[in-house]
Amino acid sequence: MTKTVLTGITTTGTPHLGNYVGAIRPAIVASRAANVRSFYFLADYHALVKNQNPEQARQSSLEVAATWLALGLDTDKAVFYRQSDIPEIPELMWIISSLTAKGLMNRAHAYKAAVASNQESGDRDPDKGITMALFSYPMLMAADILIFGANRVPVGKDQIQHVEMARDIAQRFNHVYGERFILPEAVVGEDVATLLGLDGRKMSKSYNNTIPLFVPPKKLRKLVMKIKTNSLTPGEPKDPDADCTVFDIYKAFATESETTAFRNRLEEGLGWGDAKQELFEYLDAHLAIARGEYDRLIADPASIEVVLQSGAKRAREQSAALMSQVRQAVGIVPLA
Ligand code: TRP
């Protein structure tokens, strides 16, 4: 049976090597499999939770869309669209909010973490700076998932709870109004690498330690040279398995035999400067074609818009049909 796989990409910031290895590459590979119908979308409403700068909102959507297309997402097969082009998503969110316990949302990690941080800093108001959008985030995500009947939702570990909430909400709806929603399952890629960033912590926009995927070679080289290493000198053996960011990034891109060769040379004492130069050259060569395509797309946003509009049209055939069933089920219907 054909399974529906769906995932959202929050449009904040410029996509980096960690995003590629951890999410984009596996998603593109998965979208080619037989017996799956995949839905990938720009979660631009979710992005508003953390960003109130309109120019940045637009720029992020452009960069994320261009990245996925440049890296070879087949948009004839996968349905690729923008959340905000699907009006049924916020509509459904309202309806499910009528059956979602506030207590369920109280338990969401992101909200709990925000409250805890207010309490730690001794604030009198535990909800200080917390918007309704942050609080309701899991309901918007549930609507994203349920409106397309997703069976599987590939996400990072931090998002498993949200997918489980979507499942709870679907169950509740089905119980109250009759079976309308498929119960989604989170899928966490066990074999996907989490890349470390320039400072040795997880590569993440929030740590400001990323290497963007598509920067000019000079800039890429400069960033690679900044990767933190230990103080071993050339000639001293390096341990590739001891939090070695240079090796980890190389490994995430290279073939097995290339990786083994690099490992051996580090163990034999390759200096960090030379190791970084090799990593830079490898990445530069590996990303060159996609980078050319990315630059072309960024310079031609109209061509991306065409792709997104056609994705939205396909997506809406499904979302509109399900939404009309949902309205029927809850009694939002014409009077005559
Ligand atoms: N919240 C997800 C994240 O930050 C992005 C997202 C939004 C999503 N809607 C979704 C992921 C629906 C999966 C399904 O990574």
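Predicted model: local features only at pLDDT ≥ 70, side-chain atom pairs only at ≥ 80, totals over all residues.
Residues are numbered from 1 along each chain as its sequence is written, and side-chain values rest on heavy atoms, with hydrogens and water left out.

Helices and strands are DSSP runs numbered from the N terminus (helices H or I, at least four residues; strands E, at least two). Helix 7 (residues 132–146) has 15 residues and reaches 21 Å from its first C-alpha to its last, close to the expected 21 Å, the expected span being 1.5 Å times one less than the number of residues. A kink of about 40° is centred on Pro138 in helix 7, where the bend at a residue is the angle between axes fitted to the seven residues ending there and the seven starting there.

Ile96, in helix 4 (residues 88–97), counts as buried because its relative accessibility is 0%. When residues up to four places away in sequence are not counted, Ile96 touches Met139, Ala142, Ala143 and Ile169, contact being defined as heavy atoms within 4.5 Å. The C-alpha atoms of Ile96 and Phe173 are separated by 7.4 Å, although these residues lie 77 residues apart along the chain.

In helix 13 (residues 301–330), the end C-alpha atoms are 40 Å apart, which agrees with the 44 Å that its 30 residues should span at 1.5 Å a residue. Helix 13 bends by about 30° at Arg316, and its buried residues include Ile304, Leu308, Ala315, Leu322 and Val326. Gly331, which follows helix 13, has a positive phi near 90°.

Most residues other than glycine have a negative phi. Asn208, however, has a positive phi near 55°; this residue lies in the loop between strand 5 (185–187) and helix 9 (217–225) and counts as exposed because its relative accessibility is 70%. Asp243, in the loop between helix 9 and helix 10 (245–253), likewise has a positive phi, near 40°, and is exposed, with a relative accessible area of 68%. Asp243 is also among the residues that line the second largest pocket, as are Lys228, Asp239, Cys244 and Trp272.

Key. 1 Å grid on protein atoms, 1.4 Å probe; cavity = no way out; pocket = protein on both sides within 12 Å on 5 of 7 lines; lining within 4 Å. Buried < 20%, exposed > 50% of the residue type's maximum accessible area, 1.4 Å probe, protein only.
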